[in-house]
Amino acid sequence: MKFKKKIDEEAKILSGKWKLISMVLEKDMAIQLSEKPITLNISKNKIGGNGGCNSYGGDFLQKGKTVKFSRILSTKMWCDNGVIESQYLNALGKSVSYRLINEQLILTDEKKENTLVFEEIK
C-alpha cells in the first residue's frame, strides 16, 4: 500500500528566500510580472527583498498559518514597472494567511481576493 505525499504542508516557521512567480489581484486579475524578479526574504520577524526595482523591508509576524506583514518601507527610485511593484507591496501588506503546496509559498488576503505565489530560491 502506497501513501500519497501530503500536498498541503502543516504550519511551520516560514523563512528563506522566495521569488514571486504569480500575482492575482481581485480574484481574477492576473498581473504580468516584470523581467526583474520580485523577491521576498523572510528571517525570524523581519522581511526584505526587491519589488522589481526598489529594495524593501519590514516586520513579519507568524502565528500558525496566519501571517502579518507590517511597516513595509522601500527605496524610492523611479522605475518603468513602478505600478507592479506598488501592487505587489500593497498585496503583501494585506496578506493574512499562507499555504505551502508543492514547494510553493502562497499568500492570500482575508477575502481571498489577492494571491501571491512564490517559489523558493535555492
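Colleague: Is strand E8 largely enclosed by the rest of the structure or largely open, and how many of its six residues are buried?

Modeller: Happy to start there, and please keep in mind that this is a predicted model. A residue counts as buried when its relative accessible area is under 20%. E8 is largely enclosed by the rest of the structure, because the number of its six residues that are buried is five.

Colleague: Which residue of E8 is the bridge partner of Arg-99, and how do E7 and E8 pair?

Modeller: E7 covers residues 95–101 and E8 covers 104–109. The two strands pair over six bridges, in the antiparallel sense. Within E8, the bridge partner of Arg-99 is Ile-106.

Colleague: What is the bridge partner of Ile-106 in E9?

Modeller: E9 spans residues 115–120 and runs antiparallel to E8, with five bridges joining them. Ile-106 has its bridge partner in E9, and that residue is Val-117.

Colleague: In the turn between E8 and E9, what is the phi of Lys-112?

Modeller: E8 and E9 make a hairpin, with five residues between the strands. Lys-112 sits in that turn, and its phi is positive, at about 60°.

Colleague: Is Asn-102 buried or exposed, and what is its relative accessible area?

Modeller: Asn-102 belongs to the loop between E7 and E8, a hairpin with two residues between the strands. Its phi is near 50°, a positive value in a residue other than glycine. The cut-off for exposed is over 50%. Asn-102 is therefore exposed, with a relative accessible area of 55%.

Colleague: And Glu-103, what is its phi?

Modeller: Glu-103 also lies in the loop between E7 and E8. At 48% relative accessibility, Glu-103 counts as partly exposed. Glu-103 is not a glycine, yet its phi is positive, near 65°.

Colleague: Which cysteines form the disulfide, and how far apart are their sulfur atoms?

Modeller: The structure holds one disulfide. Both partners are buried: Cys-53 has a relative accessible area of 13% and Cys-79 has 12%. The pair is Cys-53 and Cys-79, with the sulfur atoms 1.3 Å apart.

Colleague: Which parts does the pair tie together, and how many residues apart in sequence are they?

Modeller: A disulfide is a covalent bond between the sulfur atoms of two cysteines. Here Cys-53 is in the loop between strands E4 and E5, while Cys-79 is in the loop between strand E6 and helix H1. The pair therefore ties together parts whose separation in sequence is 26 residues.

Colleague: Is that disulfide left-handed or right-handed?

Modeller: The torsion about the S-S bond of Cys-53 and Cys-79 is about -45°. The disulfide is therefore left-handed.

Technical notes:
Residues numbered from 1 in each chain as written. Predicted model: local features only at pLDDT ≥ 70, side-chain atom pairs only at ≥ 80, totals over all residues. Heavy atoms only, no water. Helix = DSSP H or I, 4+ residues; strand = E, 2+ residues; numbered from the N terminus. Buried < 20%, exposed > 50% of the residue type's maximum accessible area, 1.4 Å probe, protein only. Disulfide = S-S within 2.5 Å. Pairing = 2+ DSSP bridges.
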